[in-house]
Amino acid sequence: MPFEPVVFFFVLGAAAGLLRSDLKIPGSIYEFLSIYLLLAIGLKGGVKLAEYPLGEIALVSLVVMVAAAAIPLIAFPVLRTVGGLSRADAGSIAGHYGSVSVVTFSVAVAFLSKRAIPYEGYLIVFLVLLEMPALIIGVILAKHGSGPVRWGKMLHEVFFGKSILLLSGGLIIGLIAGPEGIKPLDALFFDLFKGMLALFLLEMGLVASTRIAELKTYGAFLLGFAVVMPLVAAVIGALTGTLVGLSVGGTLLLATLYASASYIAAPAAMRIAVPEANPALSIGAALGVTFPFNIFIGLPIYYWLAEFFHGLGVSVP
Amino acid sequence: MTSQPKTLLTIITEGVLENSLIDDFKRLGVIGYTISEARGLGTHGLRTGNWRKDGNIRVDIVADSDQCARIVDQLRADYDRDYGLLMYSCPVDLHG
């Protein structure tokens with residue numbers, strides 16, 4: 001099977017939504033699942049982080065962040081000129097695509113663990129680091145010369161919103177506790193991870209189904225963008241991962257991070273900072289098209305890309 | 001039973017504005033407010049509320065009519081152009 005079985009729960013949720021089933025994941029359960037996933041991913045990364053020298057991670061992180069800045073900068077002119085979108089909409093969508101998706105990353109981790117492909121555990125640090133810069137670039141692009149931005153509220157939303165808070169909190173707890181200290185929590189946070197991810201994907205499918213129904217109003221350009229942009233970003237990610245010396249598994253994860261578009265943190269931040277942008281466009285493209293594209297079709301392609309670039313033997317020692 | 005005439009102002013808007021509204025209320029001297037989650041259909045489309053940031057909030061404030069008018073003017077100026085915002089008020093008797 002080319003993809004990880006948990007993605008079928010997304011299909012089930014989407015089908016339930018499209019068939020107008022009475023299935024609804026209560027808000028508090030959704031909150032619980034998202035808190036669980038963020039903490040579990042953070043903890044997993046923190047435990048692994050201790051195994052690597054900090055200097056190496058810092059240098060790689062810097063390169064990865066600079067390369068990631070290319071994504072909104074490529075997306076914006078395409079959205080403006082080819083798509084004919086307003087400055088606000090183009091900036092907002094560029095920010096969404098430059099930022100990252102935790103759930104897409106989780107599915108990629110499941111993809112690797114199913115195939116027993118190793119990866120650098122510290123890549124989870126990139127989830128924290130890559131979420132915000134693209135949002136700031138997106139806001140600057142959207143608002144350039146058009147009035148004040150609520151920076152304070154927007155940055156507060158991003159930094160102290162639960163995703164960065166729990167991811168980095170989990171990282172620090174995992175780092176302090178170490179593999180032995182975290183053992184008593186293994187059963188909850190690591191063994192149950194895929195089951196919880198499956199439930200979360202069921203909810204994602206339900207939410208996405210409301211966006212899928214709106215797809216026809218977006219127009220062909222945005223649909224095409226939502227498929228082509230992750231592919232372009234994945235090529236940049238796979239090349240960057242190979243150049244900085246990541247393993248094939250790590251390169252696949254980086255390509256997936258670059259390809260993924262944020263649909264949880266970014267919409268809230270953009271709604272505050274660029275309120276004139278239409279949120280239906282960015283969330284619809286990111287969640288209705290790019291997310292399913294990434295988990296069903298993208299992952300095997302990004303795996304192939306990672307192997308391809310590694311096969312070329314390009315690397316900077 | 002003692003009661004005094006007041007105005008009940010109800011605001012229905014996007015959940016993402018909650019923190020901003022609370023700051024505005026403080027600035028405008030609002031003594032108390034009640035916020036609850038809400039869902040429904042309006043000119044900004046269906047707000048299912050099954051997603052934290054996709055939901056609406058409903059804010060109830062009981063205050064003097066002048067203060068309610070100031071709140072309405074402020075919120076209309078700040079948010080009405082870009083956000084879903086519905087406000088209505090009615091006279092109420094405040095007991096106790």
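Helices (H or I, at least four residues) and strands (E, at least two) are DSSP runs, numbered from the N terminus. By that rule, G298(A) lies in helix 15 (residues 279-312) of chain A. This is a predicted model: local features need pLDDT of at least 70, side-chain atom pairs count only at pLDDT 80 or more, and totals for chains, interfaces and linings use all residues. Residues are numbered from 1 along each chain as its sequence is written, while chains are lettered from A and ligands numbered from 1 in the order in which they are written.

**Confidence**

- The model has an ipTM of 0.71 and a pTM of 0.85.
- pLDDT is the predictor's confidence in each residue, from 0 to 100.
- Chain B has an average pLDDT of 87, and 88% of its residues score at least 70.
- Within chain B, confidence is highest in strand 6 (residues 85-95), at a mean of 95. It is lowest in strand 4 (residues 45-47) of chain B, at a mean of 58.
- Where pLDDT is low, the predicted coordinates should not be read in detail.

**Chain B: layout**

- Two helices and six strands make up the elements of chain B. Their order from the N terminus is β-α-β-β-β-β-α-β.
- Of the 96 residues in chain B, 18% are buried. Buried means 20 or more other C-beta atoms within 10 Å of a residue's own; exposed means 12 or fewer, partly exposed in between, with C-beta atoms placed from the backbone.
- Contacts in chain B with a separation of 6 or more come to 71% from residues 24 or more positions apart. Two residues are in contact if their C-beta atoms, placed from the backbone, lie within 7 Å.

**Chain B: the sheet**

- Four strands of chain B form an open, antiparallel sheet in the order 2-5-1-6. Strands 2 and 6 of chain B are the edges, each pairing on one side only. From one strand to the next, the twist averages 20 degrees.
- Helix 2 (residues 65-79) of chain B packs on this sheet and touches strands 1, 5 and 6 of chain B. Its direction makes about 10 degrees with that of strand 1 of chain B. Axes are lines fitted to C-alpha atoms, for helices over the stretch in contact, and angles run from 0 to 180 degrees between N-to-C directions.
- Two strands pair if DSSP finds at least two bridges between them.
- Strand 1 (residues 3-14) and strand 5 (residues 56-63) of chain B run antiparallel, joined by eight bridges. Here E14(B) stands opposite N56(B).
- Strand 2 (residues 34-38) of chain B also runs antiparallel to strand 5 of chain B, with five bridges. E37(B) has I57(B) as its bridge partner, and I35(B) has V59(B).

**Chain A: helices**

- Helix 3 (residues 54-68) and helix 7 (residues 124-143) of chain A pack at about 35 degrees, with axes 10 Å apart.
- Residues of helix 3 of chain A at this contact include I57(A), V64(A) and A68(A); those of helix 7 of chain A include F126(A), L130(A) and A134(A).
- Helix 11 (residues 193-212) of chain A is mostly covered, with 14 of its 20 residues buried.

**Chain A: G298(A)**

- G298(A) counts as buried because it has 27 C-beta neighbours inside 10 Å.
- Neighbours within four places in sequence aside, G298(A) is in contact with P230(A), A234(A), A259(A) and F293(A).
- The C-alpha atoms of G298(A) and G169(A) are separated by 30 Å, and the two residues are 129 residues apart along the chain.
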